Amino acid sequence: MSQLPDDAQVPASADQVDQPTPRTFSRSVGDRSRYLEPMAETSHDRPVIERDAVRLVVLDVRDHLLLFHTRDPTMPEKGTWWELPGGGIDAGEDYADAAIRELKEETGIRIDRRQVGDPTWRRDSSFTYRGARRLQHEVVVSVRLDVSGPDIDGSERVDFEAEDYFDFRWWSIAEVTSSTGLFYPRRLPELLSAFLAEEVITEPLELWP
């Protein structure tokens, strides 16, 4: 198992944490001050859109991981990166509902709730996207497929996803953990092994460009 960075809090035992409530995820927007202060230098008077979201570690039968090659066409200076599938949790959904819907929309892959793992990785992230500053409260869950690296059907993608996701790849776990490339989440190579070992991870606010 890889050693975690100092600022990733991984408790030693279940007694030290509040265990995730199965199939639910909600975080009160509450006091934004602890987020807005570190975001101040990057917001530049852009509107801030805040939401709950889910990200998916989709693994096939070979333990290969699905990542999208991603860009923001409105900000080419950001370059490209590799991103976990996922998106916002809509009103009336729990994280498992959102995971099932997002995976179908983005990839055409259909799953059921039994294939969605518990939200053992929780994180906050802020990034600019198409003129707005996003503040997301995310959970990361595993999704286990019973086939080998299926093809991707993006015909049901919504909004700008067809422009943003311009390629995909099934990565081995070793390829991800040893990569020096740019990922979203940024620390995916560092934290993936602990996540797959079902350790509870609480990641501090990540400021994305």
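**Notes on the predicted model**

1. Some overall figures come next. The protein has 209 residues, of which 48% count as buried. Its accessible surface is about 10400 Å², and carbon and sulfur atoms account for 48% of that area. Taking contacts between residues at least 6 apart in sequence, 73% join residues at least 24 apart.

2. The largest nonpolar core has 21 residues, and V54, L56, V58 and Y95 are the members that touch the most others in it. At least two residues of this core come from each of β1 (48–59), β2 (64–71), α2 (95–107), β6 (132–144) and β7 (165–172). The most is given by α2, with five residues.

3. What does L56 contact once its neighbours within four places in sequence are left aside? The partners are L84, P85, G86, A99, L103, V141 and V143.

4. Five aromatic pairs are present in the structure. One of them is F68 with Y165, which is stacked, at 4.4 Å centre to centre and with 20° between the planes. F68 sits in strand β2 and Y165 in strand β7, 97 residues apart, so the pair links distant parts of the chain. Both F68 and Y165 are buried.

5. W171 and F183 form another aromatic pair, this one edge-to-face, with 5.5 Å between centres and 65° between the planes. The pair also links distant parts of the chain: W171 belongs to strand β7 and F183 to strand β8 (residues 183–184), twelve residues apart. W171 is buried, as is F183. Together with W82, these two residues make up one aromatic cluster.

6. Which arginines lie over the faces of F68 and W171? For F68 it is R157, at 5.1 Å from the ring centre. For W171 it is R169, at 4.0 Å from the ring centre. F68 is thus listed both in a stacked pair with Y165 and under R157, while W171 has F183 as an edge-to-face partner and R169 over its face.

Notes. Residues are numbered from 1 along each chain as its sequence is written. This is a predicted model: local features need pLDDT of at least 70, side-chain atom pairs count only at pLDDT 80 or more; totals for chains, interfaces and linings use all residues. Side-chain values use heavy atoms; hydrogens and water are left out. A nonpolar core is a set of buried Ala, Val, Leu, Ile, Met, Phe, Trp, Tyr and Cys residues joined through side-chain atoms within 4.5 Å. Buried means under 20% relative accessible area, exposed over 50%, partly exposed in between (1.4 Å probe, protein chains only). Helices (H or I, at least four residues) and strands (E, at least two) are DSSP runs, numbered from the N terminus. Contact means heavy atoms within 4.5 Å. Rings of Phe, Tyr and Trp (its six-membered ring) pair if their centres lie within 6.5 Å; planes under 30 degrees apart count as stacked, over 60 as edge-to-face and the rest as tilted. A charge sits over a ring if NZ of Lys or CZ of Arg is within 6 Å of the ring centre and within 35 degrees of the ring normal. Accessible areas come from the Shrake-Rupley method with a 1.4 Å probe; for residues, only the protein chains shown count as cover.
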